[in-house]
Amino acid sequence: MIQVRRGRAPDILTRHRARWLKDLQRARTPEERQRVLDRYRHEDVKDALVTLFHGKCAYCESSIRHVDYGHIEHYRPKSKYPKQAFTWSNLVLACGVCNGSEHKGDAFPLKAEGGPLVNPTTEDPERHLSFEYDPVTRLASVRGRTTRGDTTEKCFGLNRQDLRRHRSTRVKQLWFIAQRATIDPDARRLLDEAASASEEYSAFANLLRDALSKGIPLSSAPLTS
C-alpha cells in the first residue's frame with residue numbers, strides 16, 4: 001500500500017451527488033434504494049479511479065486491469081454509510097479479493113475494534129504498515145506497525161497465500177536487481193522504474209531503493225521499512 005494523492009472529483013459526481021442523495025432519501029423500497037445506490041458505478045467514476053490508482057488495487061498494490069475490471073470500493077461501506085455512497089473521497093479502486101466478503105466486504109472496524117482502516121488517500125500507510133523482504137525465505141510481507149496497521153493487514157488479507165507468493169516473486173527479482181544497482185546504471189534505472197507509483201508493489205521497490213541510498217547492505221538479513 002502506498003499513499004495516493006487524490007485529484008478532483010469526476011464531473012458526474014460533482015453535478016449529480018446532491019440529487020442522488022435526495023433520491024436515496026426518497027426511495028421507498030429496497031429495490032428502488034439499490035437502483036439509486038448503483039449510480040456510483042458510472043463509467044466516468046471507474047475511469048477516474050483507474051487513472052488515480054494506475055490500475056492497481058489501492059490496498060494490496062496488485063495490478064488489476066489486465067485480468068479484471070476492478071471494483072469501485074467504498075472505504076466506508078455504503079451499507080453502513082449510505083450518505084457517502086457518492087462521495088469522491090470515499091471511493092477507491094480495489095481488487096475483488098481485498099474487497100470481497102472473505103476480507104473487507106462491508107467491514108469497517110471502529111477505534112474500539114482496532115480501526116479505522118488505513119486510508120491510502122488521506123494518510124501515509126508507512127505510519128501504520130511496514131514492508132519486509134527476507135532474502136532467505138524470499139518472502140515479501142506486510143506487517144502492522146500500529147494497532148490500525150495490524151487491523152488493516154488482517155482485514156484485507158495482505159499476507160494471504162496467493163498474494164504473498166505472487167508479490168514475493170516480483171520482489172525477489174527486484175532484490176537481485178538492487179544488488180547490481182550500485183555498479184550497473186541499467187539496474188539502477190530498473191529499480192527506479194519499479195519504485196514508480198504505477199508499478200506493482202512499489203512500496204517494496206522503495207524499500208530496496210532506500211536501503212541502497214542509506215548504504216544498508218543487501219545481505220541475508222531481512223530488510224524492513
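Buried means under 20% relative accessible area. The views below show a predicted model.

**View 1. Leucine 191 in helix H6.** At 0% relative accessibility, leucine 191 falls under that cut-off and therefore counts as buried. Its contacts, neighbours within four places in sequence left aside, are Leu174, Ile177, Ala178, Ala181, Ala205, Leu208, Arg209 and Leu212. Leucine 174 is 17 residues from leucine 191 in sequence. In space, the two C-alpha atoms are 6.8 Å apart.

**View 2. Packing of helix H5 against helix H6.** H5 covers residues 161–180 and H6 covers residues 185–194. Their axes lie 8 Å apart, at an angle of about 140 degrees. The pair is therefore oblique. The crossing of H5 past H6 is left-handed. H5 contributes Arg170, Leu174, Ile177, Ala178 and Arg180 to the contact. From H6 come Ala187, Leu190, Leu191 and Ala194. By class, this contact holds seven nonpolar residues, two charged and no polar.

**View 3. The buried residues of helix H5.** Leu163, Arg167, Ser168, Val171, Leu174, Trp175 and Ala178 are buried. Residues three or four places apart on an α-helix point the same way, because a turn takes 3.6 residues.

**View 4. Helix H5 from end to end.** H5 has 20 residues. At 1.5 Å a residue, H5 should span 28 Å. The end C-alpha atoms of H5 are 29 Å apart, which agrees.

Conventions: Residues are numbered from 1 along each chain as its sequence is written. This is a predicted model: local features need pLDDT of at least 70, side-chain atom pairs count only at pLDDT 80 or more; totals for chains, interfaces and linings use all residues. Side-chain values use heavy atoms; hydrogens and water are left out. Axes are lines fitted to C-alpha atoms, for helices over the stretch in contact, and angles run from 0 to 180 degrees between N-to-C directions. Helices (H or I, at least four residues) and strands (E, at least two) are DSSP runs, numbered from the N terminus. Angles under 35 degrees count as roughly parallel, over 145 as roughly antiparallel, 65 to 115 as roughly perpendicular and the rest as oblique. A crossing is left-handed if the near helix is turned anticlockwise from the far one by less than a right angle, and right-handed if clockwise. Contact means heavy atoms within 4.5 Å. Ala, Val, Leu, Ile, Met, Phe, Trp, Tyr, Cys and Pro count as nonpolar, Asp, Glu, Lys and Arg as charged, and the others, Gly among them, as polar. The expected span of a helix is 1.5 Å times one less than its number of residues. Buried means under 20% relative accessible area, exposed over 50%, partly exposed in between (1.4 Å probe, protein chains only).
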